[in-house]
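Dear colleague,

Please find the structure below, together with a short account of what was found in it.

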There are 4 protein chains.
Amino acid sequence: MIKMMKAAVLGATGSVGQIFVQLLSGHPWFKISAVAASESSAGRKYSEVAKWRLPTSIPEEVAELDVASIEPEAIKDVDVVFSALPAEIAGKIEEDFAKAGYVVVSNASAHRMDPDVPLLNPEVNCDHVYLIDEQRKRRKWSGAIVTNPNCSTAILTLPLKPIYDEFGINKVVVSTMQALSGAGYPGVASLDIVDNVIPFIRMEEEKLQTETLKILGSPSEPADFKISASCHRVSTLDGHMEAVFVEVKREAAPGSVITAMENFVGESQKLRLPTAPEKPVVVRREEDRPQTRLDRLEGGGMSVVVGRVRKDPALGGVKFIALGHNTIRGAAGCGILNAEHLKVKKYI
Amino acid sequence: MIKMMKAAVLGATGSVGQIFVQLLSGHPWFKISAVAASESSAGRKYSEVAKWRLPTSIPEEVAELDVASIEPEAIKDVDVVFSALPAEIAGKIEEDFAKAGYVVVSNASAHRMDPDVPLLNPEVNCDHVYLIDEQRKRRKWSGAIVTNPNCSTAILTLPLKPIYDEFGINKVVVSTMQALSGAGYPGVASLDIVDNVIPFIRMEEEKLQTETLKILGSPSEPADFKISASCHRVSTLDGHMEAVFVEVKREAAPGSVITAMENFVGESQKLRLPTAPEKPVVVRREEDRPQTRLDRLEGGGMSVVVGRVRKDPALGGVKFIALGHNTIRGAAGCGILNAEHLKVKKYI
Amino acid sequence: MIKMMKAAVLGATGSVGQIFVQLLSGHPWFKISAVAASESSAGRKYSEVAKWRLPTSIPEEVAELDVASIEPEAIKDVDVVFSALPAEIAGKIEEDFAKAGYVVVSNASAHRMDPDVPLLNPEVNCDHVYLIDEQRKRRKWSGAIVTNPNCSTAILTLPLKPIYDEFGINKVVVSTMQALSGAGYPGVASLDIVDNVIPFIRMEEEKLQTETLKILGSPSEPADFKISASCHRVSTLDGHMEAVFVEVKREAAPGSVITAMENFVGESQKLRLPTAPEKPVVVRREEDRPQTRLDRLEGGGMSVVVGRVRKDPALGGVKFIALGHNTIRGAAGCGILNAEHLKVKKYI
Amino acid sequence: MIKMMKAAVLGATGSVGQIFVQLLSGHPWFKISAVAASESSAGRKYSEVAKWRLPTSIPEEVAELDVASIEPEAIKDVDVVFSALPAEIAGKIEEDFAKAGYVVVSNASAHRMDPDVPLLNPEVNCDHVYLIDEQRKRRKWSGAIVTNPNCSTAILTLPLKPIYDEFGINKVVVSTMQALSGAGYPGVASLDIVDNVIPFIRMEEEKLQTETLKILGSPSEPADFKISASCHRVSTLDGHMEAVFVEVKREAAPGSVITAMENFVGESQKLRLPTAPEKPVVVRREEDRPQTRLDRLEGGGMSVVVGRVRKDPALGGVKFIALGHNTIRGAAGCGILNAEHLKVKKYI
């Protein structure tokens, strides 16, 4: 029988933190034994300070936990630390935890682009995990920081991976229609989104353009294609949709691209990790799918659903629609899958 | 004093037909003297059969008109015929009217791509109007058919025009976020769009990819760039937003592109036509504009609002957001502006 | 081990029919062995003709069934018939099935107010089931028709029951905010509901005003209080919210009403029927609950969530908010719970 | 020719403040000569600090004004002061202005229920204005404070007035479906309202229940009927809808109630005040009107649109739907109409 590992969640009361709490409830390997949040919440019960926004109830075992303050000294005896901290404060705090010997699995953007920090979308590049060794040597700490990508990057890189491997990529153009939960809570004001689209999400295009190349490249060198993103907020609750246009290196008929996507599996699937979906990319054949509300929970929110794979008349490759769940594959779910890889590889 | 011209509206009870009725109310040159609709409505008062869906009231002078059936014999003594007919039936009926000597200004797609039918987005290509002469000769009729573009094409081609003229275009990639009114009434079911995006609009990508080249080309030859579109329906009432990525022929810094767009005027502006907006393209500088609800009525719904003009790192040109009102610039308003050009040029 | 009973669903491709199919999948007692729909679908596979609109997949065992036409001869060897037929055609067809010896558990309104047809919201009045005997005698058939209430009635009567029993009721005023799925598919046009409320649902107020009295009364006599309803459609997908104002016969402090609601259980709970929720009425204490999206799936969609129980300063009783899932408690789920009662009582 | 009066707007950058600015632009009697806002905005240009959220542009003459701090000393030479201050700070500040001799026309709730402060919905009770004299005597100031009602109260009291006068009222039950703009900006989080209803608006029911009686009563005594409200937030941008149930004193057939409402005019109409709508109450006959989006701008947003007037089977009177624009009739528009009355009556 597997002994459960103890997990802490930093930033546990926020919207991504709540998803970590929800997804870890009932996890076969990890059990939350500590939750940390800002000073104003510290010392009180989790159920009292988390303004719980999910239709499911707060998991009982977490509801009763006392909220700790966010510092290594306040967290005791945990095997892995999940960070759902806001980017502004994550940088320093995560380093403190790594110095104190903790392995931090982070959803924050602060360290994603550090050359010695693995930025993992597991089915795509879990082999980058060995950057941890370099990180430890260079930073002289016994802990580690491992990150998952920005939500829209996590969703984009899954279907790009099989194309990149089989056909090569010269250029990617991507236009997103992103859900409200991506902005956290309270996030987008209702007066800003009813009967409206907001064609701007701060730093999102930059993240999508840089993280994608780090993930699809080797740890030492970004992938060598060009990418341009335009990011937009629409009135959906969960699920980012992306219209993707790809210029390929080698002839790629839509049928071949579909086959490549459907055959694509990563180590996560081969290892049958608890959070890995059966298929990282699910291709729908209907002319009008994927749709945000109907398809975002495919594979428990861990699959990306692709549809409308068709020839691109301008770039000479393919275009398609990709949809993924932004707070699961695009945040907490991806982080948990990362932790599962770390466990299998004995980093935790 | 100008003598008012008499206008008929075919398909006057439908959603585009209602916009024609609304926009023509108070028009300084045209006055609706006949409305035609399907057999089930014919013979009854317009106010009784039009399920009026606009926040403004039915213009009084039209409310009392008897609805005629849609055939040339049923319409008497009008100077111009506006067609808001559904594509499936527009082809034959519009030809009947042209044969009977009427000048038909049509919003339907049936004849848009006919080589001898002008497809006009006036500020871009009102010079194509002379195709009427060819049309009359070839088809041996004394009337004429003139069309305006599909809604998303009308919106795209305005900001592309100054880029095309000043910098040249190799490739255009466009991803749309289109409003519900584009699907007519009842159109999209509410259960299909609340908390959802539908990444498919039948024939829309094809129209956008072909009409754009006809409009920006010469009457005898389409423009020679490549274009790829992905079209999506989002939960907005009116206003199509488009994320546009352009590969240019000659170096085009965002600042220069903005200048070109702001300086752009067409003959419609020079002639000060009643429906022409002061500026066909309005450029906003805020980082998060244009927004659908806030900007769709710019220039009375006849301007396209552009924002976020920035360098495109993949295509080596510029990317930007364009927003226009789909039932005004993208349908009835464009048709009326076409009719104003026809009047000035004595075709009506 | 229980032998599974065979069930047919009439109108199986419609929106309520789909919910029946979904909820019966995995049911411990009933197994769908036949699906029937209109002539245009008959003879084809269910998965081909049902435009499946739910985020879950079509249950495999039903997907492959051939759709039968809606007549007793076309359905063979089933133990119970669920009817999700539209009201207009349900009346005659359900009678045909009852004549042919089938027990029809119907969600249609056609026979609800027939004096010899049980109209059951099980926790409230499952004892009315014995009307079947009268029905069989009077109508001379061996089958039976049993109905569940209109969606808003099913939701209203659960919290009213403990009030009625403990305090007596003189008057009820109820104002609803009903979900889009209540109108079926395609149902409400998106252009009619984005940024809008429609203060009218055909026949809904009449149903709410009459069915409530039949359910809370005895089979031979309606309950003797007065009730007034105003029904409105708002932009939610599932879940009807109702603001309820009650004039009571005997002093009813909010605290006592809450206690009565929380202690309330019906025979469904005592018998631990598979579809019965643990509590028919769940009372929330937060000042801003229940909320439609957060609470509609309480008790698997079979509980009604009540909140804001407070003194009513005009009627001299209490007012509160009630929320229930319109297609589960308010339709298919209630029908299935009815069938469970029928089985326990050996009517099927 | 009328000499323009100079007006100041306190809280001019907030959402109600912006509506005051918009509505006063082009007003025939009042011209904004000063705008005041919180310290962080003071000293800067209005166009720089107001995050303008309306589809229309900032009126040019206001855009260039320097924002003053909110104190009498900072405002010079104005004839009337409009207050769009938040309730928490309005109480003290408005008193300061009144002490300094200014007539303050306030939308804030702070002083509405003070016995010597007129709470005016002009067509209903503009005669209460004489309370100013009492106020001045009692408070020993030369200025004055005059208030308009809470948004939902302003909308409710217009159609109640003719019923109260002609038939008498015993009881009113009202259930609201209120728009997002009523909560200000940013106000309601989008994640809280997409696919949701929030059945709670802080202090709204209390305001509706007390203000209504003050307005319909005499200055010295509230109206003597009972009223119970339940208030709910739905996903509409502007326009509060109210389901109203009335127990009358004297037989009131729906037809007679409609006649009373349609014949109802106030002094505002008789004086033809600039902001007075032609009819304070407009009755629609369609079975499904008023609708929020289609009818909220009736009478420039100053009329209340009533529909579905029908017999109430529980209360023995009538029930109907009332809809009004919450930021125009329910806030700034009502305040401006109040100021027009004050001018005519020489209080300013």
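How many residues does the contact take from chain D and from chain B? Eleven residues come from chain D and eleven residues from chain B, contact meaning heavy atoms within 4.5 Å.

This is a predicted model, in which local features need pLDDT of at least 70 and side-chain atom pairs count only at pLDDT 80 or more, while totals for chains, interfaces and linings use all residues. Residues are numbered from 1 along each chain as its sequence is written, chains are lettered from A and ligands numbered from 1 in the order in which they are written, and side-chain values use heavy atoms, with hydrogens and water left out.

Between chain D and chain B the buried area (accessible area, 1.4 Å probe, lost on being put together, summed over both parts) is about 960 Å², and carbon and sulfur atoms give 47% of it. On the chain D side, D:Arg53, D:Arg293 and D:Leu294 lose the most area to chain B, together 49% of what that side buries. By class, the side of chain D that touches chain B has five nonpolar, one polar and five charged residues (Ala, Val, Leu, Ile, Met, Phe, Trp, Tyr, Cys and Pro count as nonpolar, Asp, Glu, Lys and Arg as charged, and the others, Gly among them, as polar).

Within chain B, B:Asn148 is buried, with a relative accessible area of 0% (buried means under 20%, 1.4 Å probe, protein chains only). Among the residues in contact with B:Asn148 are B:Arg112, B:Leu119 and B:Cys334.

With kind regards

Notes
Buried area = accessible area lost by both parts, 1.4 Å probe. Buried < 20%, exposed > 50% of the residue type's maximum accessible area, 1.4 Å probe, protein only. Lists of a residue's contacts leave out its neighbours within four places in sequence.
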